[in-house]
Amino acid sequence: MSFQTEINIQQAPAVTGDIATDNPRITYPGVEDAYIVGTDGIYAGRFVWIYENGRIVNNFGEGKPDGFVAREQLAVINEYLGKSSLFIASGTAVTIFKCGDFFVKNENENSVSRQKCFASNLNGTIKSASTGVIIPGFSETDFNIAITADINELTVITCSSASNPTPPISEAWYDEFGDEWADENEDIWTT
């Protein structure tokens, strides 16, 4: 166990990959152990592609990703004296979410509410841009950015497909509370 190195006034609202709301979530159907992590392992809180007879899951691929892997306490700390990890080891069974609301770390650039979410074909990380934009090395997903965030801050992604029943959380919640709440709690969104 590591030593505490800082104290925050408020608890962080989430960790990358956490489920953000109680809105409905849609998963890929499958029997027990239907989707198994590939030989390279994967990271929770990123997009995934399904390979090899519809069973093997990786954070890399071509075309639209098949879904998102939420943080479900499956990760292992495999680094000596490591403090935390989102790494899920090879051979672990995972749930793949086709739709839902999830916290993600905005690693690539500033994201704006209602922008389209793109997944890196190399590692499943997220980048946002306007709908229809072509970003080399990224594939468009069925998710939108729900809450505006700066680089290295937490944001929420939500379904955007017309066939998905989950409404974006930003429209009602963010219009009522968003700017004021974000300004007052800016420090807890940075992890």
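**Figure 1. Contacts across the whole protein.** Among contacts in the protein with a separation of 6 or more, 60% are between residues 24 or more positions apart. The model shown here is a predicted one. Its protein has 2 helices and 13 strands. Of the 191 residues, 42% are buried. The protein exposes about 10700 Å², and carbon and sulfur atoms supply 50% of that area.

**Figure 2. The largest nonpolar core.** Let us step inside. This core has 15 residues, and the members that touch the most others are F47, F68, F102, C117, I126, F143 and I157. Several strands give two or more residues to the core: β4 (46–51), β8 (97–99), β9 (102–105), β10 (116–120), β12 (138–145) and β13 (154–159). In soluble globular proteins, nonpolar side chains tend to be buried together. C117 has a relative accessibility of 0%, so this residue counts as buried.

**Figure 3. A close look at I126 and its contacts.** I126 is among the core members that touch the most others. Which residues does I126 contact, leaving aside neighbours within four places in sequence? They are G45, F47, F68, V104, N108, C117, F118 and I157. Of these, F47, F68, C117 and I157 are also listed with I126 among the core members that touch the most others.

**Figure 4. A second core.** A separate nonpolar core can be found as well, with 12 residues. Its members include A34, Y35, I42 and V48.

**Figure 5. Strand β12 and its partners.** Is β12 mostly covered or mostly uncovered? It is mostly covered, with 7 of its 8 residues buried. On one pairing, β12 runs antiparallel to β10, and 4 bridges join the two. Within that pairing, A119 has S139 of β12 as its bridge partner. β12 also runs antiparallel to β13, here with 3 bridges. At this second pairing, F143 stands opposite C159 in β13.

**Figure 6. The disulfide between C99 and C159.** How many disulfides does the structure hold? There is 1, and C99 and C159 form it, with their sulfur atoms 1.8 Å apart. Because C99 belongs to strand β8 and C159 to strand β13, the pair ties together parts that are 60 residues apart in sequence. Both C99 and C159 are buried.

Note on methods: Residues are numbered from 1 along each chain as its sequence is written. This is a predicted model: local features need pLDDT of at least 70, side-chain atom pairs count only at pLDDT 80 or more; totals for chains, interfaces and linings use all residues. Side-chain values use heavy atoms; hydrogens and water are left out. A nonpolar core is a set of buried Ala, Val, Leu, Ile, Met, Phe, Trp, Tyr and Cys residues joined through side-chain atoms within 4.5 Å. Buried means under 20% relative accessible area, exposed over 50%, partly exposed in between (1.4 Å probe, protein chains only). Contact means heavy atoms within 4.5 Å. A disulfide is a pair of cysteine sulfur atoms within 2.5 Å. Two strands pair if DSSP finds at least two bridges between them. Accessible areas come from the Shrake-Rupley method with a 1.4 Å probe; for residues, only the protein chains shown count as cover.
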